[in-house]
Amino acid sequence: MVPASFLKGATLKTDDVERYHHERREYSSVRQHTGETAMSSNSLRSEAKTVIIGGGIVGNSLAYHLARMGREDIAILDKGPLPDPGGSTGHASNFLMPVEHSKEMTHLTRRSIEQYKDMDTFTNSGGIEVARTEERVEELKRRLQSAKAWGEPAELLTPEEVEALVPYVNTDLVKAGFYSTGAGTCDPLRAGEVMRARADEYTDGGLHVSPNTEVLDLHVEDGSIAAVETDRGTVTADEVVIAAGLWSPKLAEMAGVEIPLTPAVHQMVSVGPISFFEDYEGEISFPVVRDMDTQMYERQHGNDLEVGSYQHRPILWDVEDIPSIDEAPLSPTQPPLTDDAFEQSMADALEIVPELLDDPEAGIRHEIDGLLSQTPDGAPLLGPLQDVDGLWSCAAIWIKEAPAIGEAVAQWMTRGWSDIDLHGADVNRFYEYGNSRSFVKDRASEGFQKIYDIVHPAEQYQSARELRTSPFYEKQADLDAEFFEAAGWERPQWYESNSDLLDRYEDELAEFRRPNEWDSRWWSPNILAEHLHTREHVSMIGDMGFSIFDFRGSDVVDYLERMAVGRIDVDVGKTVYTPILAENGGFVSDLTIARLGPEHYRVVTGGAAGGSDRAWFGGHIPDDADVTMIDRSESLCTLGVWGPNARDMVEGVTEEDMSHDAFEPYTAQEITVGEVDAWAMRLSYIGEQGWEIYAPMGQGRRLWDVLWEAGQDHNVRPAGMGVYGTTGRLEKGYRLFGHELELEYNPAEAGLTFHGVKDADFIGKEAYAEAIDEENTATLCTLSVDDHAPEGGERRFMLGNEPVLDENGDVLVDDEGRRSYVTSAGTGPSVGKHLLMAYLPQSHAEEGQSLQVEYMGQQYPVTVEVVGSRSLFDPENERIRS
């Protein structure tokens, strides 16, 4: 049996610690206070073009890639020694499981594996996620679905197949396994040494590494980073990157900005020697095992077994409480194990690998509460910090993604965009709402419990809610709204008060009810009923949680022409829907720009993209330009009124003429609604007659009341974002940033070239013009599901991110190697189809083409309905123009 001291959490002995670290990193001792490398120096430079704060795997990777891309003067600073300065790089379990439900994170991990291989610091062991429950078996099917969509080799295993690969796993507990053949382990400390050496070679000695150098302050002058003050002197710099892991918030605070993360504990013990492993050479000879239902992993490490856990209660630290290198028994990020939090984990480990942990010779070698960075949504924090020019964040990154993220951020810094789209990890996504310590800790605690959990794609966070509410919130709550959150805003997704509409539209909805619990989780048939009611009568939808920016100044026309694909120098009162591009022609955003005056414009963009769009627009205002950017997001509310009865409803309470001739489609003007002075745009994301009405937040409640009362004679209903963002949008074929629109595809492929190529120069113009002239490699299409139960049984409904297959069951791949997958999915009740969007290779982008989509292990027949941007519903836009 395992010694009792192991089960209770024995006190570490010095020789155990030293032996563990010797086996884990042959070239690194537990405490190395000098650790100078070839390019290190006891002196500190007084200036450098680029200063990277952090000497872990992230900082080293960034330095290497910046050097490879032409940066010649780079300094790395770290308060710890090298090669292991004391951060997460030195203790994190260094395995890489590439498959995630995020395309970007899967691609980043794959690219990182390629780089670790190139540095000869990767061992391809494979990895297996095992399922103890039927619910987890279904999740593994979804995992395989994602692997196919993102192009990562994987397969599902029977318990017998799991045992053949990992004979020490107790397969009596196992119902299935997910085998990722590309998984393995890496040596991040050795990789860091290789990267520093390569960076030094690329810069011809221009890399300067200063370990044992603590940053005391960041100097900001006139809104730009100017210098880094350390305990060994001050370094002036043109740009500074904070790549200091869990210390990043403390450094950001020195510059007056925020990086929202918190240190969180990930518990790990190492047990050995294990006699079973004595006949095997090397670090690892068997696949890494993830025991997903217990939120744990077990992996061989030489003669030891490493047992890690995410099932324990969230244990968060304050950065200020992390000990110094001199004070820490092991390292600052390896405090002693919290024994009581690990008791259940150890019991579960004994269940899954009893043959190893029952070894009478085995005992604890190492036990820690390893500290890592946890963000409010679990994603990294990357990009320019918009309030200080030249200051960048490269934080909250796991070892498995670090080399690729270093490369992508280096691309972003040197040319303005990255090969792998990082919009979901943009540090500015929490700007002005999600940076408080309370918010970060509440969300981090909740998110920690999701790391190995089964997370539905529409799942909502329950903590830190009601942070941003519109003036309509209480009225909507009284109508039993089901609120979803985006960028802190509470937005109704549907209304339980509309349940009576289910009887009204029973025949139309019968075939689109979702019998499977997973398909119907975070969804309601009320969405479809609200949709049909809106198409027949009128609905009020809002607040959409838009981000709203006003631009003023004598140079505003030239500036906005430079920013947008669409022509901006239009008549006052005109609106322009336009893509916003990077230089490669990929999408940075898509939004609406309205001209309010000769030198006054308003930009309206999605709330979730508000922080990144604010950074993009603000970062491109020339220093000598007369342009002022004003954020109106918190001062204006938005209420949509749409449907065939919209004009009849609105014109009775407005002082202005709302007729078609007086208020033309795609124009904007000031109006007065009852007593409320407002501003309205006549456009619709759901393809109906009506307006988006903007009013001061303080008058928003009155705006709702006036319109609601006016609507009683016109059969008005409240409708949620399920109609606005999914059902109505998909019927119209409208694209959504972050789904259809991203850096990987261009406007020609997305079907958004209706602007042509204007005379004025704009960011991405050359690539955009080339895309128009060339034949598409892929084209965005709308598909419909032909049969929701092709093999009988329960009808299933795709939710998004499923792979698109040809008639032989092979995933479609275009000539650039991009795989076809469902970018958006939702039912279109007015057209009687469950609709999907996907980019298809030109060989398959043909209306009427029969294809398949794989969902939860089954293949479903689908048909290409539309190639390009034509709408399935009201393709001539007669309703919008009525």
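1. Helix α18 (residues 556–563) and helix α19 (residues 610–619) pack with their axes 11 Å apart, at an angle of about 120 degrees. The two helices, α18 and α19, are therefore oblique to each other, and their crossing is right-handed. On the α18 side the contact involves Tyr559, Leu560 and Met563, which meet Trp616, Phe617 and Gly618 of α19. Sorted by class, the contact of α18 with α19 comprises five nonpolar residues, one polar residue and no charged residues. As with everything that follows, this should be read as a description of a predicted model.

2. A second pairing involves helix α17 (residues 526–536), which is mostly covered, 10 of its 11 residues being buried. The buried residues of α17 include Ile527, Leu528, Ala529 and Leu532, and also Glu530, His531, His533 and Arg535. The axes of α17 and helix α22 (residues 721–732) come within 10 Å and cross at roughly 65 degrees, and α17 and α22 are therefore roughly perpendicular to each other. In this crossing, which is right-handed, α17 passes α22. The residues that meet are Ile527, Leu528, Glu530, His531 and Arg535 in α17, and Gly722, Val723, Thr727, Gly728 and Glu731 in α22. By class, the contact of α17 with α22 is made up of three nonpolar, four polar and three charged residues.

3. Helix α3 (residues 57–68) and helix α7 (residues 188–202) have axes that come within 8 Å and cross at roughly 25 degrees, and this makes α3 roughly parallel to α7. The crossing in which α3 passes α7 is left-handed. From α3 the contact draws on Ile57, Asn60, Ser61, Ala63, Tyr64, Ala67 and Arg68, while α7 supplies Pro188, Ala191, Gly192, Met195, Arg196, Arg198, Ala199 and Tyr202. Divided by class, the residues of the contact of α3 with α7 are nine nonpolar, three polar and three charged. As background to such lists, an α-helix has 3.6 residues a turn, so residues three or four places apart point the same way.

4. On the cysteines, the structure holds zero disulfides. Cys394 is in no disulfide, and the nearest cysteine sulfur, that of Cys186, is 16 Å away. Cys394 has a relative accessible area of 1% and is therefore buried, the cut-off for that class being under 20%. Cys781 also counts as buried, at 1% relative accessibility.

5. Some backbone geometry deserves a check by eye, given that most residues other than glycine have a negative phi, and most peptide bonds are trans. Leu82 and Pro83 are joined by a cis peptide bond with omega of about 10 degrees, and Pro83 has its place in the loop between β2 (74–77) and β3 (95–96). A cis peptide bond also runs from Gly272 to Pro273, where omega is near -5 degrees; Pro273 lies in the loop between β13 (262–272) and β14 (288–291).

6. Positive phi values are found at Trp522, a residue other than glycine, where phi is near 60 degrees, and at Met856, likewise other than glycine, where phi is near 50 degrees. Trp522 sits in the loop between α16 (517–520) and α17, and at 26% relative accessibility Trp522 counts as partly exposed. Met856 lies in the loop between β37 (850–855) and β38 (858–867), and with a relative accessible area of 9% Met856 is buried.

Terms used. Residues numbered from 1 in each chain as written. Predicted model: local features only at pLDDT ≥ 70, side-chain atom pairs only at ≥ 80, totals over all residues. Heavy atoms only, no water. Axes fitted to C-alpha atoms, helices over the stretch in contact; angles between N-to-C directions. Helix = DSSP H or I, 4+ residues; strand = E, 2+ residues; numbered from the N terminus. Parallel < 35°, antiparallel > 145°, perpendicular 65-115°, else oblique. Left-handed = near helix turned anticlockwise from the far one by under 90°. Contact = heavy atoms within 4.5 Å. Nonpolar A, V, L, I, M, F, W, Y, C, P; charged D, E, K, R; others polar. Disulfide = S-S within 2.5 Å. Buried < 20%, exposed > 50% of the residue type's maximum accessible area, 1.4 Å probe, protein only.
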